[in-house]
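Here are a few notes to go with the model you asked about. Have a look at it first, then read on.

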Amino acid sequence: CKIIPQNTVVCNSVAQYGEGVLLDADNPVEPMLFFQNSGMLLFTDNNLNTTASISLFSQNNIKPGGFGRANDGMVWVFDDNSSTLKKLDRSGAVVQESLVLCAKGNKNRKAQAIQDNGKLIVLRTPQNNTLVLNMNLNILAELPEKEGVCVDVAGDRLLLLKEGEIWLTEPFGNKGKRMPAARQKTGATPSGVLLALRGNYRDWE
């Protein structure tokens, strides 16, 4: 469901496509939904009408541990089987794939969001580390779980949620930094569970 001004609510049932859904609405005129148990990927319009559906499992032998919209409108999937990041076109075909990025994940996990702002790509590994990649899919940094969870990408920096506080990382350049360096406290302290953070907007539960 989408709530728009004047309290209008637009809803569309997608229960028939599967369970364990992950939504990417970074492009508000084309939200994407990925159903982890069935491998179905849906494209919708801004009224939540399904405009296209793709079965990723029928075309690729993947175990999806991450999903998100690529900055060019295509789709990122992190494959826990191969420990590689794959870019898929709108037919489900693999058009770009990274080298092996981490140790393979031996257990099933809930798919994590992949973020791409055109400068950095950020994903979570099966080991719960955060990988920061450039647009050539080279690793710039690997942040251990104790550094926090990335909740947004601001230019060439990350916003990390750590123990109820939001921290801003140092800029990540193309030279690569395998380990974290300085952090700047933003002063944002949620009183509940962080739902979303985009730019100057923060939503708490």
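The points below go from the whole chain to its cysteines.

1. First, some ground rules: this is a predicted model, where local features need pLDDT of at least 70, side-chain atom pairs count only at pLDDT 80 or more, and totals for chains, interfaces and linings use all residues. Residues are numbered from 1 along each chain as its sequence is written, and side-chain values use heavy atoms, with hydrogens and water left out.

2. The protein chain has 21 strands and 1 helix; these are DSSP runs, E of at least two residues for strands and H or I of at least four for helices, numbered from the N terminus.

3. Of the 205 residues in the protein chain, 42% are buried (under 20% relative accessible area; exposed is over 50%, partly exposed in between, with a 1.4 Å probe and protein chains only). The accessible surface is about 10,800 Å², and carbon and sulfur atoms hold 49% of that (Shrake-Rupley method, 1.4 Å probe; for residues, only the protein chains shown count as cover).

4. How many disulfides does the whole structure hold? A search finds 1 (a pair of cysteine sulfur atoms within 2.5 Å). The partners are Cys-1 and Cys-11, with sulfur atoms 2.1 Å apart. Cys-1 sits in the segment before β1 (2-4), and Cys-11 lies 10 residues away in the loop between β2 (8-10) and β3 (21-24). Their link is right-handed, with 110 degrees about the S-S bond.

5. Cys-1 is exposed at 72% relative accessibility, while Cys-11 is partly exposed at 47%. Cys-102 is buried at 14%, and Cys-150 is buried at 12%.
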